[in-house]
Structure formats: C-alpha cells, structure tokens
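Open the model in your viewer and keep the selection panel at hand. The stops below say what to select next and what is there.

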Amino acid sequence: MTATFRAVLIDSGASGRTVEVAEVSPEQLPEGDVTVRVACSTLNYKDALAITGTGPVVRSFPMVPGIDFAGTVVESTNPGFAPGDRVVPNGWGVGERHWGGLAEYARVKGEWLIPLEEAFTFEQAMIIGTAGYTAMLCVMALERHGVSADSGEVLVTGAAGGVGSVATALLAKLGYQVAAVTGRSTESDYLTSLGATRILPRSDFTEPGKPLVKEQWAGAVDVAGGQVLANVCAGMKYRSVVAACGLAAGMGFPATVAPFILRAVTLAGIDSVLCPVDDRREAWRRLATDLDHSLLDSMTQKVTLNDCIPVADRMLDGAVRGRVIVPIPDN
Ligand SMILES: C=CC(=O)SCCNC(=O)CCNC(=O)[C@H](O)C(C)(C)COP(=O)(O)OP(=O)(O)OC[C@H]1O[C@@H](n2cnc3c(N)ncnc32)[C@H](O)[C@@H]1OP(=O)(O)O
C-alpha cells in the first residue's frame, strides 16, 4: 500500500462540520480483515445526504462516505478472500458507521464482501451499485409474491434516478410493461430508451388523494415513500404487490389500510443493508443475466473524488440522472 492515500473525509468538531478530499494514512483505516484497492466507487443519494449533512447518515466521525465500492483485495486474513480477488460490498453500514468507498483504499470485514460476478467490469458493477442491487431485490420481491410479466403494468417511481433506472431496465427486459413516474419530463426519452412504455408526471402522485382509486398497477417499485407511496397503494390492482425501498418523498406514510384489506395489496419492504447473503448473491447473479448491460453507459456519468462534494448538492436537488460513478485511477 502507499504511504498515504486520498479519501473524501467528513469530520465534525468544535469549529463545525468539514468535508474535503484529504490524504490519509493506512493506519487510519478502520478494523477489518480484508483491505481493498478501490477501482471504482459511486455517489448515491445516501452519500449525498452524508456529504451535505442533510440527513443523519454518518454515525461517527471522521467518516469516509461511499456506500459502494468495487476493487481488488490487496491484503486479507480472511480465509474467504485472497489478494487479487475482485470484490464488492453492499450495505452493512459501509459509508455510514464504517469507512466507505470514496477513497483509494477501503478495509472491511470479509463477511460483508461478495465476489464480483465475472460478467462485470468494476465500472459496470458500480453503475449498478447499491441502487441497482436494491432495484433487483425489488424485482425479486415482486416475483416472490406472484407478480409476472402477464399480471399487468408495473409502476416505477423516481424512475430517472439510480434505483428507478435499473428497475425500469430490468422489468422491461423481463417482459413487463413499465409505467415510469418522474419529476423530470425532460427525461422521457431516456426512460423510453430504458424500456418504459408509459411516462407519468410525479405530480400525479404528490397530492393527498382518496384511499382507493382506479385499479391500475399489478406491481410497483417505490423509491419515494410519503404521499407518493400512499397514492401508489391506492391505485394498485387486486392482489398486487408494492416493493418499497426508499424515502425520497419522506418517511411518512399518510395512507389508509383500504388497499390492504379490500384489495389484498401486499406492501413488501426492501432493505439492502442487512439483506441475507444468499439474497445478495442471487441479486448479483440475476443482474449479470437479466439486465441489458448495453444500457449501462446511458445511465451513467463519471465524476472524480473532488467532484463528489459539489455533485452531492445537485443530487439532492433531483438534478442528477441515473448513476454517478467515481472511477479511482491508479497512482
Ligand atoms: C442507492 C440506493 C440505496 O441506498 S437503497 C438503500 C436502502 N435504502 C435506504 O437507505 C433508504 C434511503 N435511501 C433512499 O431513499 C434512496 O437512496 C432512494 C431510494 C430514495 C434513492 O436512490 P437513487 O439512487 O435512486 O436516488 P436518485 O437521487 O438517483 O433518484 C431519486 C429519484 O427520486 C426522485 N425524488 C426526489 N425527491 C422526490 C420526492 N419528494 N417525491 C418523489 N420523488 C422524488 C428524484 O427526482 C429521482 O427520480 P426522478 O425520476 O428524477 O423523479
């Protein structure tokens, strides 16, 4: 390893909160039995909350944010991993409680890592990242609860974002009719290129509505929560399924039980952080086979470690399309 390496560092002290790209030494890396040379990381909505201090994502200071990274093992005392292995983590508090991926090196517990599928380059793995893996978990939940391509139209909220983009592309490739909800009408062509067959404005879902409205959706992937999720539930078909994975519109859920007790709607909660390892491996295997990898570049913009700080603000303003990856070049 190098004597020092670069990392986005968030700190909080008597003089306030600081965020900078700093030189840190390997001795500062947290406890862990596997050290990884990070080849690529990402900037997620959650990282933007951490960097800007908008949400209580960072649980201890100093913290290197970055819930995602993909890279090569350089040191390991874990019997499951050896130098040279290509790995990826998802969740487990990385970038929240434990130093994350927006750095040249990361050290984590081996049990948090899974081997990277051969189908993916490091950059492709990060274009997918926690957002894409979460999208896959949502699709798997719809399937587990009986939704199939011939059940009817599936709704995706926040569709031009990271989770929504991958969910839209996955569902379309699996043969579903996808109605994509976005706050950005300028992204209609992009969403159509991912396979959406209908584009709906977010404003259709943001105002308080009736407990039940016309039955439309056989399934839904929701990144919004709040009033949006309540309105989505109100429009679900009999015995349909909503996979809820986010809170972009808020933690609240101003709904009634009517969709659940009168239409037998299932609300499936999706957590990617503590998800069991078998489901993680299954999700990454499915991403290798069920996602059109030729679409990945169109979902992506690349930024440097230095860019992460200003781009975090734009991301929270909803001004960033698809996925933001952070390739970490070799010194
Ligand atoms: C990376 C994903 C995760 O971290 S999931 C991990 C587990 N879940 C959580 O930790 C919950 C907290 N995290 C989140 O809620 C998510 O990070 C997320 C699911 C909300 C967003 O992830 P994503 O990577 O898709 O974020 P983007 O910034 O790329 O896209 C967000 C999408 O939502 C739209 N949006 C923003 N504000 C609202 C709102 N008030 N109401 C409805 N929709 C909203 C935003 O504009 C983007 O979609 P768009 O098509 O542009 O409308």
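**Stop 1: the ligand**

Select the ligand and G158: an oxygen atom of the ligand is 3.4 Å from a polar backbone atom of G158. That pair is a polar contact, meaning N or O atoms within 3.5 Å; within protein, one must be able to donate a hydrogen and the other to accept it, and residues adjacent in sequence count only if both atoms are side-chain atoms. This is a predicted model, in which local features need pLDDT of at least 70 and side-chain atom pairs count only at pLDDT 80 or more, while totals for chains, interfaces and linings use all residues. Residues are numbered from 1 along each chain as its sequence is written, and side-chain values use heavy atoms, with hydrogens and water left out.

**Stop 2: the shell**

Now select the 28 residues around the ligand; A160, V163, T182, G183 and R184 come nearest. Being near takes a heavy atom within 4 Å. By class, the shell has 14 nonpolar, eleven polar and three charged residues. Nonpolar here covers Ala, Val, Leu, Ile, Met, Phe, Trp, Tyr, Cys and Pro; charged covers Asp, Glu, Lys and Arg; the others, Gly among them, are polar.

Colour α1 (45-52), α2 (122-144), α3 (162-173) and β9 (178-182), each of which supplies at least two shell residues. α2 gives the most, with three. Helices (H or I, at least four residues) and strands (E, at least two) are DSSP runs, numbered from the N terminus.

**Stop 3: two domains**

Domain bounds come from an automatic or database domain assignment. The C-alpha centres of the two domains lie 29 Å apart. Across the boundary, 13 residues of domain 1 are in contact (heavy atoms within 4.5 Å) with 14 residues of domain 2.

**Stop 4: α1**

Select D47, A48, L49, A50 and I51, the buried residues of α1 (buried is under 20% relative accessible area, exposed over 50%, partly exposed in between, with a 1.4 Å probe and protein chains only). These buried residues pack against β1 (5-13), β2 (16-24), β3 (34-43) and α8 (308-316).
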